[in-house]
Amino acid sequence: IIETLNRWAGPWLDWAVANLIGCSIGLAIVLLIWWRMRRYASPALGYWLFMLILIKPLVPFNVEVPQHWWTSAAAETETFSNTPSPVLASPPMENPTPLGPEAKSLPTSAGATASPTVGPTWQAWFFTAWLLAVVALFVRLLLVQRRARRWLRASEPLGKHQAEVDALAAELQLRRTPSIYHHDGVDAPLVYGLRDTKLIVPPEFFAQLDRDQRRWVLMHELAHLKRKDLWLLTLQRLVCILQFFNPAVWLAARSANRLREFACDDFALMHSRADRRTCGESFVRIVEGARSHPLPGAAALALFGRGSDSQRRLVRILDSRRKLAAGIGRGGSILLVLLTPLVLANVRAQDAGPAPASDQPATDEPGKIISGIFVEVDQSLPAGDDTLAATGDRGDLFDASPTPAGAAPVRLRITPDAIIQ
């Protein structure tokens, strides 16, 4: 288990650090662009701009740059740590055993000791903590969903009003028409469920609002289904679980939540037959009756809930000077296509590749290191032993000449492309 954690910790740390830096840079780019165009651009465009930040951790889109462009403290540290230690002179080997896959482990003498047990690295500790946190957050999300399903079992169907919902769904050309229910604990209309979607309203919904006001409210909820917001919300929450340590992801998710509601408000305004004042009155009545979000954390989208920025939404609904746009438009599509590779790309250095073969012939100089071998004094090995343990990527052992009397035993650290004379 420890070896597995150590092996996975390195790639995970690279992924985590790359997304911390990449998402922060991408969020800065999106914020700068959206700040300049937020007054006249569609909120649907802004929504997808911030969704790029949430999609970025799931897309392994790497752009390689030349090695000499890449300067980082990590690279300098790695170069320093790989500096060969002082070489302990020893007689040349007559018949060295190959270091390739065909190398076999030779039996050690009675005094030789096995390789010490490798403990978890600091990267492995961070990886373990992240893994436990992700499992805990995912289990919590499942428990919230289970509690929401149990809670909604008390909802009752409103068959006499189903025809009104069916007509609106047919107007929007929805593939599936949600069934309408009412629940005593619901304060604001909401849609819930990925497969068997339900439209749940408060008990007094149809008595509280007239037909034009109901049309705007129902259009808002059906807009979530038209835009596949329930599926995108699920994806968004999974990314927030995986990147719970990334503040850029949480800021992007918050902005996406606000712009999603703005986009559905505009969609309902465009498809509503009532004027802006009537739509604003229906929104105010829903806000007045709402006490709290009915399904916190569940896969549900309500017309009004915590953090919905109701005052700003009401101003946008009543602002007749503002141009409505339900989609992102042709210009927005071009901008989104141009920004997608810029935001999703992770910059990394090109692999150096295998080192070129040396043109210099091998020498008979004792203890000559051609490439890939680093000698370190190992105090755990007994002095004067007749074998020299060499630990490489494959854990191979090869024969060596006896160490001189009184000399410290050594351990060889071998790279995969090691060549020794």
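## Aromatic pairs

A search of the whole structure, a predicted model, finds nine aromatic pairs. Rings of Phe, Tyr and Trp (its six-membered ring) pair if their centres lie within 6.5 Å; planes under 30 degrees apart are stacked, over 60 edge-to-face, and the rest tilted. One of the pairs joins Trp 216 and Phe 283. Trp 216 belongs to helix α7 (residues 211–226) and Phe 283 to helix α10 (residues 276–289), so the pair ties together parts 67 residues apart in sequence. Helices (H or I, at least four residues) and strands (E, at least two) are DSSP runs, numbered from the N terminus. Both Trp 216 and Phe 283 are buried. Buried means under 20% relative accessible area, exposed over 50%, and partly exposed in between (1.4 Å probe, protein chains only).

Phe 244 and Phe 245 also pair edge-to-face, at 5.6 Å centre to centre and 85 degrees between the planes. Phe 244 is partly exposed, at 30% relative accessible area. Phe 245 is partly exposed too, at 26%. Elsewhere, Trp 12, Trp 15, Phe 127 and Trp 130 make up one aromatic cluster.

## Charges over rings

Arg 38 lies over the face of Trp 35, 3.8 Å from the ring centre. Arg 227 places its charged end over the ring of Tyr 47, 4.9 Å from the centre. The test for a charge over a ring is NZ of Lys or CZ of Arg within 6 Å of the ring centre and within 35 degrees of the ring normal.

## Nonpolar cores

A nonpolar core is a set of buried Ala, Val, Leu, Ile, Met, Phe, Trp, Tyr and Cys residues joined through side-chain atoms within 4.5 Å. The largest one has 31 residues. Within it, Ile 180, Phe 205 and Trp 216 touch the most other members. At least two residues of this core come from each of α5 (162–171), β5 (198–201), α6 (205–208), α7, α9 (247–271) and α10. Helix α7 gives the largest share, seven residues. A second, separate core holds 27 residues, among them Val 30, Leu 52, Leu 54 and Ala 248.

Ile 200 is found in strand β5. Its relative accessibility is 0%, so Ile 200 counts as buried. The C-alpha atoms of Ile 200 and His 183 are 6.8 Å apart, while the two residues are separated by 17 residues along the chain.

## A surface patch

Val 17, Leu 20, Ile 21 and Ile 25 form a nonpolar surface patch. Together they have about 320 Å² of accessible area. Ile 25 is part of helix α1 (residues 2–37).

Patches take residues with over 30% relative accessible area and no salt bridge; like charges are joined within 9 Å, nonpolar side chains (Val, Leu, Ile, Met, Phe, Trp, Tyr) within 5 Å. A salt bridge is a side-chain nitrogen of Lys or Arg within 4 Å of a carboxyl oxygen of Asp or Glu. Accessible areas come from the Shrake-Rupley method with a 1.4 Å probe; for residues, only the protein chains shown count as cover.

## Positive phi in loops

Gln 173 is not a glycine, yet it has a positive phi of about 60 degrees. Gln 173 lies in the loop between α5 and β3 (179–182). At 65% relative accessibility, Gln 173 is exposed.

Lys 228 also has a positive phi of about 60 degrees without being a glycine. Lys 228 sits in the loop between α7 and α8 (229–242). With 48% relative accessibility, Lys 228 is partly exposed.

## Basis of the values

Residues are numbered from 1 along each chain as its sequence is written. In this predicted model, local features need pLDDT of at least 70, side-chain atom pairs count only at pLDDT 80 or more, and totals for chains, interfaces and linings use all residues, while side-chain values use heavy atoms, leaving out hydrogens and water.
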